[in-house]
Amino acid sequence: MAEHSLVFSFFLIFTGAAVLASIALYTRQPLLVAYIVLGALLGPYGFAFIGDTKLLADISHIGIIFLLFLLGLDMQPSHLVQMLRKATLVAILSALIFMAIGYLVGIAFGFTQTEAIIIGVALMFSSTIIGIKLLPTTVLHHKHTGELVVGLLLLQDIIAIMVLLVLNSTGAEESDPMMFVQTAIALPAIIVAAFVFVRFCLLPLIHQFDRFHEYIFLLAIGWCLGMAEVAQLAGLSAEIGAFIGGVAVATSPIAQYIATSLKPLRDFFLILFFFSIGASFNLALLGEIIVPALVLAVLVLALKPLVFRVLLRRISESKQLAWEVGFRLGQISEFSLLIAYLATSTALIGQAASHVIQATAILTFLLSTYVVIFNFPNPIAVSDKLRRD
């Protein structure tokens, strides 16, 4: 079963997703649940219809890149800078609080000091995919709530990149402090280069050939993936590069046309992403890790809204907005999964600690999605009153 072609794997994934999505809609469940459950059923630890999910996981990563690129297209640079400045202290304090919580839980369940630290680090971040996917694209992105959510997620992504650099240097035979210097120089350099290239090359090309929609589509994909690759080569993440590429184009009138054109492509890859999350989880370890994972998930779901509420109130945000932002960020991140994978591959943590992080991520992805779709405006709400696209 594990040797099926990629085409057959796609057939199983998307046909199965369509069936489970239909059931989810009839039973008023979020579609993300269907995709993750399908991965667990068809993956190597379920019925093993799809044995090797590494290729699918790599392909699905493109969905995250497109997601950040489309997010950048909706963000005006002046608003973004203002929001990042305002949200920096909240992002740092919340990250430290949840690192401490994860560390204490890890120690309480008998994990080593290093494993407890990695578990704590995994709890520092909220999911960019969940947070942005549940934002109404035509409403909240242009309002204060959406800008604040996006600003906090971006700051967390920057912290996550620093963590990944530390893990990479720890796993290497010799730590290289120049990696951090390179990153510090690369980020502003890429931002400046992106805006210059858009101003003097990309926009003139778009204006010259805007009658050819296929060309605009190809140009947008090339620019998005090109920026992602440049950022990755410079020691940053592909997601950050794609976001910078989107922001650089955001001031152009063509930005919204590009965003609309790329949304179906983004959704295609995101289905693969959520499928790969479910498929990569080893169900045989469930009995060993379920209790610490449940404790961590409950703490994340209960305390993240409270912590963000308190911190956002300290910077003069309204009580209602502070609660909403907290619930929207009430999960851990896809970066947490990457941290778990990298820490395992460098022998910093064992399989049990890695799967605790994975199980916590899956549980918080699912449960926080339920909280948001039943209580706040979002594109996939089962209630017509809350559905906003």
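Helix axes here are lines fitted to C-alpha atoms over the stretch in contact, and angles run from 0 to 180 degrees between N-to-C directions. Helices (H or I, at least four residues) are DSSP runs, numbered from the N terminus.

This is a predicted model: local features need pLDDT of at least 70, side-chain atom pairs count only at pLDDT 80 or more, and totals for chains, interfaces and linings use all residues. Residues are numbered from 1 along each chain as its sequence is written, and side-chain values use heavy atoms, with hydrogens and water left out.

Two packed helices are described by the angle between their axes and the distance between the axes. The table gives both values for two pairs.

| Pair | Axes come within | Crossing angle |
|---|---|---|
| Helix 1 (residues 6–26) and helix 2 (residues 31–42) | 9 Å | roughly 135 degrees |
| Helix 1 and helix 3 (residues 54–73) | 12 Å | roughly 70 degrees |

Helix 1 is therefore roughly perpendicular to helix 3. Angles of 65 to 115 degrees count as roughly perpendicular, under 35 as roughly parallel, over 145 as roughly antiparallel and the rest as oblique. Leu6, Phe10 and Ile13 of helix 1 touch Leu55, Leu56 and Ile59 of helix 3. Contact means heavy atoms within 4.5 Å. These residues divide into six nonpolar, no polar and no charged. Ala, Val, Leu, Ile, Met, Phe, Trp, Tyr, Cys and Pro count as nonpolar, Asp, Glu, Lys and Arg as charged, and the others as polar.

Helix 1 meets helix 2 through residues including Leu12, Gly16 and Leu20. On the helix 2 side, Ala34, Tyr35 and Leu38 are among them. The contact of helix 1 with helix 2 has 13 nonpolar residues, one polar and no charged.

On a 1 Å grid over the protein atoms alone, a cavity is a set of points where a 1.4 Å probe fits but cannot get out; a pocket is an open set with protein on both sides within 12 Å along at least five of seven lines; lining residues have an atom within 4 Å of a point. Points are joined across faces, edges and corners, and a volume is the space filled by probe spheres set on them.

The largest pocket holds about 1,400 Å³. Its lining has 44 residues, with Ala57, Asp58, Leu337, Leu338 and Tyr341 closest to the centre. Helix 14 gives the most, eight residues. The pocket lining has 21 nonpolar, 18 polar and five charged residues.

The structure holds one cavity of 30 Å³ or more. The largest cavity has a volume of about 40 Å³. Its lining has nine nonpolar, no polar and no charged residues. Helix 9 supplies four of them, the largest share.

Methods: Helix = DSSP H or I, 4+ residues; strand = E, 2+ residues; numbered from the N terminus.
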